[in-house]
Amino acid sequence: MKRRTIQLRIFRGETKYVAECMDLPVVTQGDTLDEVTANIREAIGLHIEDEDLAELGFAGDPAIVATMELDAVA
């Protein structure tokens with residue numbers, strides 16, 4: 001079965017937010033959550049633009065699912 005999602009995690013690095021793709025070799029960063037989100041969408045798009053998604057194990061037009069790691073509250 002082909003995967004319908006590309007999974008990634010977003011976390012706060014020392015000075016920037018970092019987005020790391022779990023399914024593709026793609027990592028990017030940004031000063032804000034909005035910036036890192038835009039950057040990871042662009043980076044994934046550039047990575048797969050010349051690739052056959054089926055060869056990578058994905059169904060056509062996969063969704064991006066992000067997990068955000070937050071600092072502990074207590």
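Predicted model: local features only at pLDDT ≥ 70, side-chain atom pairs only at ≥ 80, totals over all residues.

Modeller: Happy to! Let's take Arg9, which is partly exposed, with a relative accessible area of 24%; buried would be under 20%, exposed over 50%, and partly exposed is what lies in between, with a 1.4 Å probe and protein chains only. Residues are numbered from 1 along each chain as its sequence is written, and side-chain values use heavy atoms, with hydrogens and water left out.

Arg9 meets Glu20 in a salt bridge, at 2.8 Å from N to O. Since Arg9 is in strand β1 and Glu20 in strand β2, this pair ties together parts that are 11 residues apart in sequence. Strands here are DSSP runs of E with at least two residues, helices are runs of H or I with at least four, and both are numbered from the N terminus. Glu20 is partly exposed too, at 27%.

A salt bridge needs a side-chain nitrogen of Lys or Arg within 4 Å of a carboxyl oxygen of Asp or Glu. The count by this rule is 4 salt bridges. One of them joins Asp23 to Arg3, with 3.0 Å between the closest N and O atoms. Asp23 sits in the loop between β2 (17–21) and β3 (27–30) and Arg3 in β1 (residues 3–12), so parts 20 residues apart in sequence are tied together. Both ends are partly exposed: Asp23 at 23% relative accessibility, Arg3 at 35%. Asp31 and Lys16 also form a salt bridge, at 2.5 Å from N to O. Asp31 is partly exposed at 44%, as is Lys16 at 26%. Shared partners join Arg9, Glu20 and Glu69 into one salt-bridge network.

β1 and β2 run antiparallel and are joined by 5 bridges; two strands pair if DSSP finds at least two bridges between them. Together β1 and β2 make a hairpin with 4 residues between them. On to β3: β2 pairs with it in the antiparallel sense over 4 bridges, in a hairpin with 5 residues between the strands. Tyr17 has Gly30 of β3 as its bridge partner, and Val18 has Gln29. Since 4 of the 5 residues of β2 are buried, β2 is largely enclosed by the rest of the structure.

Stepping back, the 4 strands form an open sheet with mixed pairing, in the order β3-β2-β1-β4. β3 and β4 (58–68) are the edge strands, each pairing on one side only. From one strand to the next, the twist averages 25°. α1 lies across β1, β2, β3 and β4, running at about 155° to β3; axes are lines fitted to C-alpha atoms, for helices over the stretch in contact, and angles run from 0 to 180 degrees between N-to-C directions.

The largest nonpolar core has 15 residues, among which Leu24, Val26 and Ile44 touch the most other members. β1, β2 and α1 each supply at least two residues of this core, and the largest share, 5 residues, comes from α1. Such a core is a set of buried Ala, Val, Leu, Ile, Met, Phe, Trp, Tyr and Cys residues joined through side-chain atoms within 4.5 Å. Beyond its neighbours within four places in sequence, Leu24 is in contact (heavy atoms within 4.5 Å) with Ile6, Ile44, His47, Ile48, Leu56 and Phe58.
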